Amino acid sequence: MAITVTKSEDGRTITIKLPGEFDFRAHKDFRETHRDSDPGAQYILDFALTEHIDSSALGMLLLMREGLGNDDAKVKIINCRPNIKKLLEMASFHQLFEVA
Amino acid sequence: MGNSIENDHLRKLALVVDDDAVNRMILEGMLSDSGYDVITAENGQQAIQQYVDHQPDVILMDIMMPVMDGYQATQQIKTLAGERFVPIIFLTAVTDEDELARCVRVGGDDFLTKPYSKVIIMAKVEAMTRMSDLYATTKRQRDEIDIHNEQMLAEQKVAKKIYSRVVHEGCLDTPNLKYILSPLSIFNGDLLLAACTPSGGLNILLGDATGHGLPAAIGAVPVSDLFYELTENGATVDEIVLEINSKLKNILPPEFFFCACVCNFSNDYRLFTMWHGGLPDVLIYSAENKKLKHVVRSTNFPLGVVDNVQLKTDVHIFDLSKGDRVYLYSDGITEAKNKEREEFGEERLLSCFEKGKSADDLFDDILETVNDFRGDEEQSDDLTLLEINADVNVLNDELLEKVVSTATLPYPSNWNMNMMLNKRDFIETNPVSILTKFTTQVDGLMQHRENIFIVLSELYNNALDHGVLGLDSKLKSEPDGFLTYITLRQERLTDLTDGHIVISLEHKMGDNQGELIINIADSGAGFDYGKQTFLMENNMDNSGRGMPLVKSLCKELEYLGEGNQVRATYQWKKSS
């Protein structure tokens, strides 16, 4: 399953839809989605399809955030299944990302 | 020439096998014109010999020959060639399908039928040669990879030996701990450390690094070093957490972090203090009631994610009853998968605790349940589970010696020193560990480190809590008392305007014994120590478990002045 990226009309909002298994294998593809990143843009990570994430995936989120300026990064995580949301909360990631 | 496995001639070598001399000549001519060296054979047996002697790159093989036919020769040559690809093209006048099928069965790669066309012959021969070259290249590359792999594996094994000296087990083999560490590969991404504190308690660190294998394990080296050193110096849980976090934040790249649990058990195992960042829920089981007492969720960032300013060092503190069990584990347990790719999950784990099992059986039961669930499915992550039994003070001399590794340097044996501390010091420093370390540098005093730590710790904390901050220890014995006490302590410390503590130490050395005199004076109002002493001697006080212990360790213990000054004399003999 691949990662899909959609840009809003004005290009200011970028939605990245993650696959069912978001783990270390997705590293390269995920990096590509925000490689030429616009730090001012709003990024939305859609976890609707995601059933499993591993610690490398959490690491990728941290890396993305760092690339966008850490506290200046605007990254929202949406449509998390309960188990994924719990994992994010256990690592206190809801304090680093907006988790809806 | 000779018997080299790979024929390195730039000109390829062809072998023509045919009992008819004219045929041999025609084929030899065609091949020669096209740049091939050619050798010949009259029958199957000669063909085999030619192969053994010259290792041709391609063979044109007639079928019907005296002595040995083409089929047999082909079979034998193919067997002799082994992993080397030597193409054999059959020369046949036959168009019978069964015969052709037999050609293929014995190992033939193609056929040529009469009348021979030079174009067709050369096309087939060239094609076969190309394939053979490809085959040889692939085999060589595969062999190189194999050697490389073996080398890497050997290097990793050596690295592991070195690694194990630094990231060692510490106190993991104490009788009240049960654990399983099942790494996925040579290097474990999970880290489990246990060390005895100077006051006879136990510090434990369980960590799970991002990923697994060598990259995950390498972070364990500085973490172990810090953990053991800080524990030896009597550092508290939050101090250890901050040091390790700072280190990891510095050395790890942004996408790597370390989920961890750092905890301390007091020396009587009645108090459990824990910092929890990112690991699965910690479980506390009541031995008496045979069910779960607490389920503790992570409330902090994992280590190495944010800097010390952002990191919360909230610790949980629990009262434990004798025999209670505390369970720490990494997600290898909850994420263990079965054949249907289902995860073991938290619910199944919690159900192990709802069977009303005796605390002694729980550890094995949990492991059995996980293994049954997983079935034949292979492990997909490092697996770690630890059970601590809140019973038995297992600190003994053997263990203490194992942990205490710093050598003592020659040091003045008669000395005194004074230290004055005020509000900022109360908040920012831990004089007890500094003083203990300093004091036990004297040769021979190292074995008494635990006792000295207890005495200094108890007297200093009393001076601070009761003397300067005016807290009443009765608070601690109420329900939820510890939490109330700690909250109040924090408030008073923050609001403190003035107040100080003076610590004076004096050490005198005799022939084979020494005397350490500890004097602690605080700026508080003092207390009625006459009455207090009476209560203490009759076990009627609730000043905590500490003071009677201190009194039993010291040669002399007395209060002076208004009760805001205490003097303890610790006598010690050099062990032979």
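Predicted model: local features only at pLDDT ≥ 70, side-chain atom pairs only at ≥ 80, totals over all residues.

Tutor: Residues are numbered from 1 along each chain as its sequence is written, while chains are lettered from A and ligands numbered from 1 in the order in which they are written.

Student: In what order do the strands of the open sheet in chain B lie?

Tutor: Strands of a sheet pair through backbone hydrogen bonds, either parallel or antiparallel. Here 5 strands of chain B form an open sheet with parallel pairing, ordered β2-β1-β3-β4-β5. Its edge strands, each pairing on one side only, are β2 (37-41) and β5 (110-113) of chain B. From one strand to the next, the twist averages 20°. Strands are DSSP runs of E with at least two residues, helices are runs of H or I with at least four, and both are numbered from the N terminus. Two strands pair if DSSP finds at least two bridges between them.

Student: How many bridges join β3 to β4 of chain B?

Tutor: There are 4 bridges between β3 (residues 58-62) and β4 (residues 88-92) of chain B. B:Asp62 has B:Leu91 in β4(B) as its bridge partner.

Student: Which strands does helix α5 of chain B lie across?

Tutor: Helix α5 (residues 118-166) of chain B lies across β1, β3, β4 and β5 of chain B, at about 165° to β5(B). Axes are lines fitted to C-alpha atoms, for helices over the stretch in contact, and angles run from 0 to 180 degrees between N-to-C directions.

Student: Is A:Asn70 buried or exposed?

Tutor: A residue is buried if 20 or more other C-beta atoms, placed from the backbone, lie within 10 Å of its own, exposed if 12 or fewer, and partly exposed in between. A:Asn70 counts as exposed because it has 12 C-beta neighbours inside 10 Å. A:Asn70 lies in the loop between α2 (55-67) and β6 (75-78) of chain A, and its phi is positive, near 55°, although the residue is not glycine.

Student: How many residues of chain B are in contact with chain A?

Tutor: Contact requires C-beta atoms, placed from the backbone, within 7 Å. By this criterion, 14 residues of chain B are in contact with 11 residues of chain A.

Terms used: Contact = placed C-beta atoms within 7 Å.
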